[in-house]
Amino acid sequence: MTCALGNLGADLPQLRPSPKMSSSAPNTPLAEKIPVGILGATGTVGQRFIQLLEGHPYFVVAAVGASARSAGKAYKDAAARSWKQITVIPADVASLIVQTCEPENFKNCRIVFSGLDSDVAGDIESAFLKADFAVFSNAKNYRMDPIVPLIVPLVNTSHFDVIAHQRKVHGLSKGFIITNANCSTTGLVVPLKALQDAFGPLSRVVVTTMQAISGAGYPGVPSLDILGNVVPYISGEEEKIEIECSKILGGVTADLTGFSNLPEMKVSASCNRVPVIDGHMESVMVEFQKCPAPSIEQIIEALQSYTSDAQKLGVPSAPEHAVVVMKEADRPQPRMDIMIGNGNTVAVGRVRKCNIFDVKFSLLSHNTILGAAGSSIMNAEVAVAKGLI
Ligand SMILES: NC(=O)C1=CN([C@@H]2O[C@H](COP(=O)(O)OP(=O)(O)OC[C@H]3O[C@@H](n4cnc5c(N)ncnc54)[C@H](OP(=O)(O)O)[C@@H]3O)[C@@H](O)[C@H]2O)C=CC1
Ligand SMILES: N[C@@H](CC(=O)OP(=O)(O)O)C(=O)O
């Protein structure tokens, strides 16, 4: 899964100058919106980008890309069968002509958000990086690359500090690549970060996931496999959760050229596909290095009071609460709780003593909002606030 991006320094095309932007007041609309492109725009994650970017205060969708199967059609026709959002396709995007995913077709964009299938994301995202775009990827291809930040905006925006080094290595002036985490990793690391900040290092984490079908994209899991059923296997998912947590919860090296992972924190994941449309549930057990461990009351307080850097920066998509702790015995539940914080909050419940580790709880996070497009957009907002765009 670890891929080297290679030497990207040569043949940089001249891009149009980026619009004037203010990094001093990140939560107010920019004087001129930043044109963005969406790669994989017809897919499950791409659609979520289009939905979330409608009326966005910083960004405007200026180009959409997908495979040769979709290219050349108006977006509304290319996505006619696959659009599964509960809102209609925004009118200004509906009429855009879908492009093939080549940088020259996105010359009017400063940023590209990628919801590309991982089979093609590696080469395409690399081409956009080489062409000096700011690339925000949802695919797994570059997550573990030693100079690519893997950022969950409610957890580790400090990892943006490696961008200057990444630009230097690749000979870029404005471009960079940031990746999001796997959707189950994303829901997990937010409460883990709250606990790590409050009580010090974690030694062991065991997680069992119950993942929605939208996680598999469209058309995804056949209905006959999933209706009235549970499938106890999602290819590659357990391995991704187990390694990504360590990079995200670790720091940046002192010279800002890479990441200091947390090999001492052991994570074991078991993943299941369940017949839910949106929202990944996770059942989590945590052991602290600290002995004696904090009390359940202290743990609940730490989860509730956790405030991420994205919230402190006040970027538009940052939720009021990174974590909400639900007190009802049978919550959170996907049907009722998935849109807390507009899909960018992690709902935690059933926080209780664990007879084997120190604490156990359930969590719910939105796999295509916080777990994908929502985090990418929030990462881009943070990049604007940090003056990187
Ligand atoms: N769904 C989720 O919850 C999450 C997904 N991800 C990741 O996000 C990415 C997208 O996932 P998802 O939206 O579910 O996948 P989908 O299968 O729903 O969408 C895939 C997209 O990639 C495009 N595509 C496929 N082949 C090519 C090609 N050769 N050239 C250009 N575009 C191509 C498709 O276009 P076309 O319609 O023309 O075929 C489509 O737009 C994946 O890497 C996935 O692992 C990450 C976190 C969560
Ligand atoms: N595998 C996840 C979604 C996904 O595509 O993850 P990743 O981007 O890590 O491959 C799911 O099925 O729910």
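Visitor: From which domains does the shell around ligand 1 draw at least three residues each?
Guide: This is a predicted model, in which local features need pLDDT of at least 70, side-chain atom pairs count only at pLDDT 80 or more, and totals for chains, interfaces and linings use all residues. Residues are numbered from 1 along each chain as its sequence is written, while chains are lettered from A and ligands numbered from 1 in the order in which they are written. A residue belongs to a shell if its C-beta atom, placed from the backbone, lies within 6 Å of the molecule, and domain bounds come from an automatic or database domain assignment. On that basis, the shell around ligand 1 takes at least three residues from each of domain 1 (34-182 + 372-385) and domain 2 (183-366).

Visitor: Which elements give two or more residues to the shell around ligand 1?
Guide: The shell around ligand 1 holds 30 residues, the closest being Gly-43, Ala-66, Ser-67, Ser-70 and Gly-217. Helices (H or I, at least four residues) and strands (E, at least two) are DSSP runs, numbered from the N terminus. Two or more residues come from each of helix 1 (44-53), helix 4 (118-130) and helix 12 (369-385).

Visitor: How many residues of each class make up the shell around ligand 2?
Guide: Among the residues around ligand 2 are Ser-118, Cys-183, Glu-237, Lys-240 and Asn-367. Ala, Val, Leu, Ile, Met, Phe, Trp, Tyr, Cys and Pro count as nonpolar, Asp, Glu, Lys and Arg as charged, and the others, Gly among them, as polar. The shell around ligand 2 therefore divides into three nonpolar, six polar and three charged residues.

Visitor: At what angle do helix 6 and helix 9 pack?
Guide: Axes are lines fitted to C-alpha atoms, for helices over the stretch in contact, and angles run from 0 to 180 degrees between N-to-C directions. The axes of helix 6 (residues 183-199) and helix 9 (residues 296-305) lie 9 Å apart, and the angle is about 115 degrees.

Visitor: Which residues of helix 9 make the contact with helix 6?
Guide: Two residues are in contact if their C-beta atoms, placed from the backbone, lie within 7 Å. Helix 6 contributes Pro-191, Ala-194, Leu-195, Ala-198 and Phe-199, and helix 9 contributes Ile-299, Ala-302 and Leu-303.

Visitor: Which residue of strand 14 is the bridge partner of Ala-347?
Guide: Two strands pair if DSSP finds at least two bridges between them. Strand 13 and strand 14 (residues 359-365) run antiparallel with five bridges, and a hairpin of five residues joins them. The bridge partner of Ala-347 in strand 14 is Leu-364.
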